[in-house]
Amino acid sequence: MKKKLLSLALACGMVFSLAACTNDGAAPATNSPVANTESSAPESQTPSYETASVRVAYMPNMGSGSTLVTAQEMGYFEDYGLDVTLTQFQSGPTEIAAMASGDIDISQIGHGAHSLCIEGQAKIFAIDCLGVSDVVMVNTERGINSIEDLRGKTVAVSTGTSSELILNLALRKAGMTQDDLNLVEMDAQGMVTAMVANQIDGCAAWAPSSTTIEQQMGDKVKTIASNYDFLDVATFPGSFITSDKFNEENHDVLVRFGAALLKAQAYRKDNIEQVCEWLAKEVEADPATILDTKDSGEWLTPDDIEAGLADGTIQGYYESQQQVFLDGGQIPEKVDTSEYVLYDVMNEIVELYNSTK
């Protein structure tokens, strides 16, 4: 299934080369993301930007944090005159709540929290990668080896996350619902503790928490469902999101931020182990554990994204994703993806990236 998805991404082709931009003595930016240059500027016509501060939320895993730490480490945000502050969260829904309260400007979310975007709580302005790290794990010492064996059992879940959706898809396939389980709400760290301490029967987790559980439990734990089981019916994009207000008041900043992401995505694709090392340092995690999650996403490149926007593949990702929410009852009705996905901004980002790489 993974090979099939990679082929799809390449054929279309869930934000990179080195372009030097200076913000020392930068002139104020115009309404265009690329500010005008002086006639005496170097032949390369390197643009200058007014420095802008951006507060960004992410989760401490490769799917959510890898592009951001790459852009930080490689100086890509600085290239576009951005002073970025990263803040860790444990789930997409809490990130969106922080944006609503005005504490965060931009967030990176996994598949599950996209349902809130469909409901109008945020706008998607950049696709990051296609997630494949969500799993349903069970304690085999309790005689559990399948989804059906979870009937009446205690299962930890973080509501609104991608892993909850994988659990729902697996339950539906088995003719079951969440009502057949004893669900307990836990964050990623809590799931690790509860599984290792033998306090719960199973959990809907994601990397790197799932990797830590496997390392500590060994053959006492088994994965009984994952994204790979459902790639024939859905894709699971990870995206960068913002509020309507931030887009309206800081549109050029949003486009510059997206161009920096594209640079980082290009670097990440060919230097994944280095990116794992940077992320481990940023989130203060065991480097070996983060390295074990280097295949937890289908890492899109600028070429993938540019081609996918042109031929409708990216729109197809979001339409497929929305169908999963519809089938699972997470959203009440179908919504045109253009109402919550800023395809025009995505194209502006690609245009700026191409003009400055």
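Visitor: Are α7 and α8 roughly parallel or roughly antiparallel to each other?
Guide: In this predicted model, helix α7 (residues 188-196) and helix α8 (residues 209-217) have axes 9 Å apart and pack at an angle of about 15°. Angles under 35 degrees count as roughly parallel. The helices α7 and α8 are therefore roughly parallel.

Visitor: How many nonpolar residues has the contact of α7 with α8?
Guide: The crossing of α7 and α8 is right-handed. From α7 the contact draws on Ala 188, Met 191, Val 192, Met 195 and Val 196, and from α8 on Ser 209, Thr 212, Ile 213, Gln 216 and Met 217. By class there are no charged residues here and three polar ones, while the nonpolar residues number seven.

Visitor: Which strands stand at the edges of the open sheet of five strands?
Guide: The order of this sheet is β7-β6-β8-β5-β9, with mixed pairing. An edge strand has a single partner, so one side of it is left without a neighbour in the sheet; this applies to β7 (182-185) and β9 (221-226).

Visitor: What angle does the direction of α8 make with that of β5?
Guide: Helix α6 (residues 162-173) packs on the five-stranded sheet, and its direction makes about 70° with that of β5 (134-139). Helix α8 also packs on the sheet, where it touches β5, β8 and β9. For α8, the angle with the direction of β5 is about 25°.

Visitor: Is the peptide bond from Ala 207 to Pro 208 cis or trans?
Guide: Pro 208 is placed in the loop between β8 and α8. The omega of the bond from Ala 207 to Pro 208 is near 5°, and the bond is cis.

Visitor: What is the phi of Asn 198?
Guide: Asn 198 is found in the loop between α7 and β8. Although Asn 198 is not a glycine, its phi is positive, at about 65°.

Visitor: Which residue in β10 is the bridge partner of Ala 126?
Guide: Six strands form another open sheet, in the order β2-β1-β3-β10-β4-β11. Within it, β4 (residues 123-131) and β10 (residues 237-242) pair in the antiparallel sense over six bridges. The partner of Ala 126 in β10 is Phe 240.

Visitor: At what angle to β4 does helix α14 run?
Guide: Helix α14 (residues 313-328) lies across β4 and β10. Its angle to β4 is about 85°.

Visitor: Are α13 and α15 oblique or roughly parallel to each other?
Guide: The axes of α13 (residues 302-311) and α15 (residues 343-356) come within 10 Å and cross at roughly 135°. The contact includes Pro 302 and Leu 309 of α13, and Tyr 343 and Val 350 of α15. Angles over 145 degrees would count as roughly antiparallel, and those under 35 as roughly parallel. The two helices are therefore oblique.

Visitor: Over which residues does pLDDT stay under 50?
Guide: The mean pLDDT of the protein chain is 87, and 87% of its residues reach 70 or more. One stretch, for which the model has 121 contacts beyond four places in sequence, stays under 50: residues 1-46.

Technical notes: Residues numbered from 1 in each chain as written. Predicted model: local features only at pLDDT ≥ 70, side-chain atom pairs only at ≥ 80, totals over all residues. Heavy atoms only, no water. pLDDT = per-residue confidence, 0-100. Contact = heavy atoms within 4.5 Å. Axes fitted to C-alpha atoms, helices over the stretch in contact; angles between N-to-C directions. Helix = DSSP H or I, 4+ residues; strand = E, 2+ residues; numbered from the N terminus. Parallel < 35°, antiparallel > 145°, perpendicular 65-115°, else oblique. Left-handed = near helix turned anticlockwise from the far one by under 90°. Nonpolar A, V, L, I, M, F, W, Y, C, P; charged D, E, K, R; others polar. Pairing = 2+ DSSP bridges.
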